[in-house]
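Keep the viewer open and follow the residues as they are named.

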Amino acid sequence: MGHFIINKKDIFFILKEQLNYGTLCTLPRYIDLNEKTLDLMVTEAISFAKGVLDPLNEIGEEWGVKYENGKIFCPPEFKKAFKQYGGDGWTAAARDPEYGGQGFPHMMRIIINEMMYGACQSFNMAPSLTHGAAHLIESFGTKDLKKNYVPKMFNGTWSGTMCLTEPDAGSNLAAVNTIALREENHFKIKGTKIFISWGDHDLTENIIHLVLARIDGAPKGVGGISLFVVPKIRINSNGTSGEQNDVLCGGIEKKLGLHASPTCVLNFGTADNCIGFLCGKENKGLAQMFQMMNAARINSAVSGMSLASSAYQNALAYTRQRIQGRDINRKKKDDVKIINHPDIRRMLLWMKAMVDGMRSMIYTGAFWSDLALEMPDGKKKEHYGNLVEFITPIIKAYCSDMGFRVCETAMQCLGGYGYCCDYPIEQYMRDIKILSLYEGTNGIQSMDLMGRKMSIKDGALFSAFKTEIEKFCIENMEHPELGDKIRALNGVTKRLCEAATELTNRMRTDPSQWASYSYPALTAFSEVFIVWRLLDMAIIAHPSALKKGKKYDYHRGKIMQATYFTDITLPHTMASIEIFLRNGKEIMQIPNNAY
């Protein structure tokens, strides 16, 4: 049996019972689809992940990545899988058919990625980045760029990257120094990019880089950055491959995890002969790149949740088999399976709730995204767009941080064996850690939430989120079994909204204090969000949970995970609120030499 374990019933409970995702097929873009077709795609994605990608996880970890004479060599099995991935339509499942997409709802991309990341995170970064890069060209490129690049990227013939980071421009992209010199109908690109995932490899003949650079003479800062399409191999006018394009790999990073994913230094224009093509408008590159960056932030959350899910399932399987220790209640004479020990059950229940809650957070956001993109123009469309924008930093930060915590807890369930390579959890822990650093560290996400997201559009994003939770609480606070938990959520939410407004006001009056305490505020929002989603599932499961018989234990589990998680989480949320409102200034006042 492979390492990747997933509970398909959990997936479909959220999709069908909680979100009723088949209703997306009433939108004009998906009118030719139906819920059965969506169900089939989910099932096939699980099969592909288990059958094709799962074996790559161990292969990739053993093989790693080889860098020899400026060239990168990956496990041979990766090349075949990448071509099959694109050829079977997984890369472009949610893209328009015009360039090779299948036209499925946007949220299907998120669901597919859960399966693929869980099966092999190192590998799935390659088609995921390729999708993002191709979609940028699809969104902002000229007709020729779209025709020449997008179909081959979607079908697995070529791959793609995003090239942002430089030695002196990490999170601060305003400091980008890569230069673009204008030459007739193209530009000459010159500069160095670092930390470029899948920046070079042997999976495809060509790699299409989406590069941020500054046109010579452009303004300083973010307002002078443009976006360029820079192929590794030039494309002739007839669409055939041409000569090398002066893009060289200067080395790869040695990393804690993701050993099969090459993280590259890329040198553009070493011989002053690197050709790039403007994608979109001049000096608007960063705004355009945010389309891919925001998708990558969401995918960081998806990847964190997916690895956490498999870690939990592996821990659950182990505790059901491992016999160790006596029953604490002395009801059994012999040693028992460790799933019977209270501390193990505590960890399992917390992981179960956390994984189910994170999945609901992400899938709910993906569902909202489809409504925001495909509904007719109007207030509802704008409302869902505001929701998606507000929750993006929440799910990126929370699911990457808590995903790591789940992997840590899963390892604890296995004891010493969890620390060993005999089980996949130690690799999950190493691979998952990067996610809190990707696409803006989680501290940066918290400042984005408590700054821009709270303030823009006169607070419309914040108001949309608050409205959704308030509506849920008002409708369900008299529920016969869950009413007290929902009233508790309602009270904490009100207090959080008041406190968050106060903290955001400090951004103007005391920006250092505001920035010092933005992270616990993001934590509080995350906890309210996940408790809401768990209680919503519990309400849906409640009628079935009242029925007799073991087959309804699943629904009783939905209620118990929600009540337990609510009771152990909301007190922490209240504590986080008190923390981010404290007036102490030690964080900024402690002298640097006192650390």
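Phe48, Phe78, Phe82, Tyr85, Trp90, Phe123 and Trp198 form one aromatic cluster. Rings of Phe, Tyr and Trp (its six-membered ring) pair if their centres lie within 6.5 Å; planes under 30 degrees apart count as stacked, over 60 as edge-to-face and the rest as tilted. This is a predicted model, in which local features need pLDDT of at least 70 and side-chain atom pairs count only at pLDDT 80 or more, while totals for chains, interfaces and linings use all residues. Residues are numbered from 1 along each chain as its sequence is written, and side-chain values use heavy atoms, with hydrogens and water left out.

Turn to helix H3, residues 76-87. Helices (H or I, at least four residues) and strands (E, at least two) are DSSP runs, numbered from the N terminus. The 12 residues of H3 should span 16 Å at 1.5 Å a residue, and the end C-alpha atoms are 17 Å apart, which agrees. The expected span is 1.5 Å times one less than the number of residues.

Which residues of H3 are buried? They are Phe78, Ala81, Phe82, Tyr85 and Gly86. Buried means under 20% relative accessible area, exposed over 50%, partly exposed in between (1.4 Å probe, protein chains only). Seen down the axis of H3, the buried residues fall within an arc of 125°, so they line one face of the helix. The arc is that of the directions from the helix axis to the C-beta atoms. The face turned away from the buried side carries the exposed residues Pro76, Lys80 and Gly87. The cover over the buried residues includes helices H2 (35-63) and H5 (121-140), as well as strand E3 (159-163). Just after H3, Gly89 takes a positive phi of about 95°.

Now back to the rings. A search of the whole structure finds 22 aromatic pairs. One of them joins Phe465 and Trp532: the centres are 6.5 Å apart and the planes at 80°, so the pair is edge-to-face. Phe465 sits in helix H11 (residues 442-476) and Trp532 in helix H14 (residues 518-545), so this pair links distant parts of the chain, 67 residues apart. Phe465 is buried at 2% relative accessibility. Trp532 is buried too, at 4%.

Phe465 also meets Ile391. Ile391 lies in helix H9 (residues 379-414) and is buried, with a relative accessible area of 1%. Leaving aside neighbours within four places in sequence, Ile391 is in contact (heavy atoms within 4.5 Å) with Gly365, Trp368, Phe465 and Phe529.

Helix H7 (residues 285-321) holds Thr319. Thr319 is buried, at 0% relative accessibility. The Thr319 side chain reaches the backbone oxygen of Leu316 at 2.9 Å. Beyond neighbours within four places in sequence, the contacts of Thr319 include Lys337, Ile344 and Cys413.

Two residues other than glycine have a positive phi. Asn20 has a phi of about 50°. It lies in the loop between helix H1 (8-18) and H2 and is partly exposed, with a relative accessible area of 37%. Asp458 has a phi near 55°. Asp458 lies in helix H11 and is exposed, at 84% relative accessibility.

Terms used
Polar contact = N/O pair within 3.5 Å; in protein donor to acceptor, adjacent residues only side chain to side chain.
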